[in-house]
Amino acid sequence: MEIVIQPTPAEVDSTVADIVEGYVRAGATTLGLATGSSPIGTYRELAARHRDAELDFSLARAFLLDEYLGLPKRHPQSYYSVIRSEFVDHVNLDPAMVSSPNGEAQCPEKEIARYDQSIAAAGGVDVQLLGIGTDGHIGFNEPGSSLTSRTRVKTLTEQTRIDNARFFDGVDDVPHHVLTQGLGTISDARHLVMIATGEGKADAIAAAVEGPLSAFCPASVMQLHRHVTVVIDEAAASSLKLADYYRYALEHKPSWQSF
Ligand code: F6R
């Protein structure tokens with residue numbers, strides 16, 4: 001696991017955009033996209049590079065991590081809508097090649113199986129962007145999630161519903177249930193890139209990176225993965241015990257080594 005501590009959120013965004021750009025410029029690639037506020041700056045940066053530096057997404061496809069169950073696609077806060085308004089509408093990524101779990105599915109059991117199969121049929125995800133919840137969730141795998149879980153229906157914790165109330169008219173409007181890639185599904189991606197900024201994420205990042213491997217902190221499953229890059233600002237790094245070592249390792253990174 002590589003921990004990249006950047007001075008500001010803007011530098012977090014451009015570091016993550018550099019990583020994604022590398023995959024996109026290499027040719028056909030499958031991106032794993034997160035929603036929520038953490039990747040928004042990265043999406044803006046990628047849109048700017050598409051506009052100003054000919055970053056071409058025409059050969060890319062994408063899978064989303066999760067979706068609210070029962071929220072219509074047309075709802076502005078469905079992740080189907082959010083990924084389009086925040087990212088896809090601003091680059092030349094074909095919207096038909098952007099897949100997400102169908103929150104309106106009549107039979108969620110069939111939908112979760114279909115979604116896992118569609119990721120596998122596409123050859124899996126090359127690079128998966130992740131945000132982290134204040135309770136350590138990734139995707140919507142709340143504490144207690146099996147570390148090998150597949151896509152399924154989960155119940156949001158009250159804390160996550162309170163955290164996400166800012167996107168809705170109030171906490172009562174935040175759905176209770178979601179469809180989410182499981183921790184096992186997420187771990188199948190070949191490269192995981194975690195994005196976190198702000199002091200509010202500091203304890204969750206410390207638990208994920210330096211705490212025990214535990215379903216209590218679902219993001220700790222990253223410790224089992226072969227290729228993880230955690231890109232965070234100083235505030236999100238403020239509870240890390242080995243922050244000085246991570247800075248030292250980055251400073252002395254061999255020039256031939258990429259993220
Ligand atoms: C959203 C997702 C969630 C968020 C997490 C952090 O697709 O998978 O895990 O990444 O809730 O949300 P923000 O970035 O809004 O703090």
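Modeller: Contact means heavy atoms within 4.5 Å. The model is predicted, so local features need pLDDT of at least 70 and side-chain atom pairs count only at pLDDT 80 or more, while totals for chains, interfaces and linings use all residues. Residues are numbered from 1 along each chain as its sequence is written, and side-chain values use heavy atoms, with hydrogens and water left out.

Colleague: Leaving aside its neighbours within four places in sequence, which residues is Ala-207 in contact with?

Modeller: Ala-207 belongs to helix H7 (residues 202–210). Helices (H or I, at least four residues) and strands (E, at least two) are DSSP runs, numbered from the N terminus. With neighbours within four places in sequence set aside, the contacts of Ala-207 are Pro-212, Cys-217, Ser-220 and Gln-223.

Colleague: What is the relative accessible area of Ala-207?

Modeller: Buried means under 20% relative accessible area, exposed over 50% and partly exposed in between (1.4 Å probe, protein chains only). Ala-207 counts as partly exposed, because its relative accessible area is 28%.

Colleague: What covers the buried residues of H7?

Modeller: The buried residues in H7 are Ala-202, Ala-204, Ile-205, Ala-206, Ala-208 and Val-209. Their cover includes strand S1 (2–6), S9, S10 and helix H8 (243–251).

Colleague: How many of the six residues of strand S9 are buried?

Modeller: His-191, Val-193 and Ile-195 point one way from S9, and Leu-192, Met-194 and Ala-196 point the other way. Residues on both sides are buried. Strand S9 (residues 191–196) is therefore largely enclosed by the rest of the structure, and its buried count is six of six.

Colleague: In S10, which residue stands opposite Ala-196?

Modeller: Two strands pair if DSSP finds at least two bridges between them. Strand S6 (residues 127–130) runs parallel to S9 and is joined to it by four bridges, with Gln-128 opposite Leu-192. S9 also pairs with strand S10 (residues 228–233) in the parallel sense, over five bridges. In that strand, Ala-196 faces Ile-232.

Colleague: Which strands stand at the edges of the sheet?

Modeller: Seven strands form an open sheet with parallel pairing, in the order S1-S10-S9-S6-S2-S3-S5. Two of them have a single partner strand each, so one side of each is left without a neighbour in the sheet; these are S1 and strand S5 (98–99).

Colleague: In S5, what is the bridge partner of Phe-63?

Modeller: Strand S3 (residues 60–64) pairs with S5 in the parallel sense, over two bridges. Across this pairing, the partner of Phe-63 is Ser-99.

Colleague: What is the angle between the planes of Tyr-68 and Tyr-79?

Modeller: Rings of Phe, Tyr and Trp (its six-membered ring) pair if their centres lie within 6.5 Å; planes under 30 degrees apart count as stacked, over 60 as edge-to-face and the rest as tilted. By this rule there are eight aromatic pairs. The pair of Tyr-68 and Tyr-79 is tilted, with 5.0 Å from centre to centre and a plane angle of 45°.

Colleague: How many residues apart in sequence are the parts that this pair ties together?

Modeller: Tyr-68 and Tyr-79 are both buried. Tyr-68 lies in strand S4 (residues 66–68) and Tyr-79 in helix H3 (residues 79–86), so the pair ties together parts whose separation in sequence is eleven residues.

Colleague: How far is the charged end of Arg-84 from the centre of the ring of Tyr-80?

Modeller: A charge sits over a ring if NZ of Lys or CZ of Arg is within 6 Å of the ring centre and within 35 degrees of the ring normal. The charged end of Arg-84 sits over the ring of Tyr-80, and its distance from the centre is 3.8 Å.

Colleague: Where is Glu-54 found?

Modeller: Glu-54 is not a glycine, yet it has a positive phi of about 55°. Glu-54 counts as exposed, because its relative accessibility is 69%. Its place is the loop between helix H2 (40–53) and S3.

Colleague: How far apart in space are Pro-218 and Asp-135, C-alpha to C-alpha?

Modeller: Pro-218 lies in the loop between H7 and S10 and is buried, with a relative accessible area of 0%. Not counting residues up to four places away in sequence, Pro-218 touches several residues, among them Asp-135, Gly-136 and His-137. Pro-218 and Asp-135 are 83 residues apart in sequence, and their C-alpha separation is 8.6 Å.
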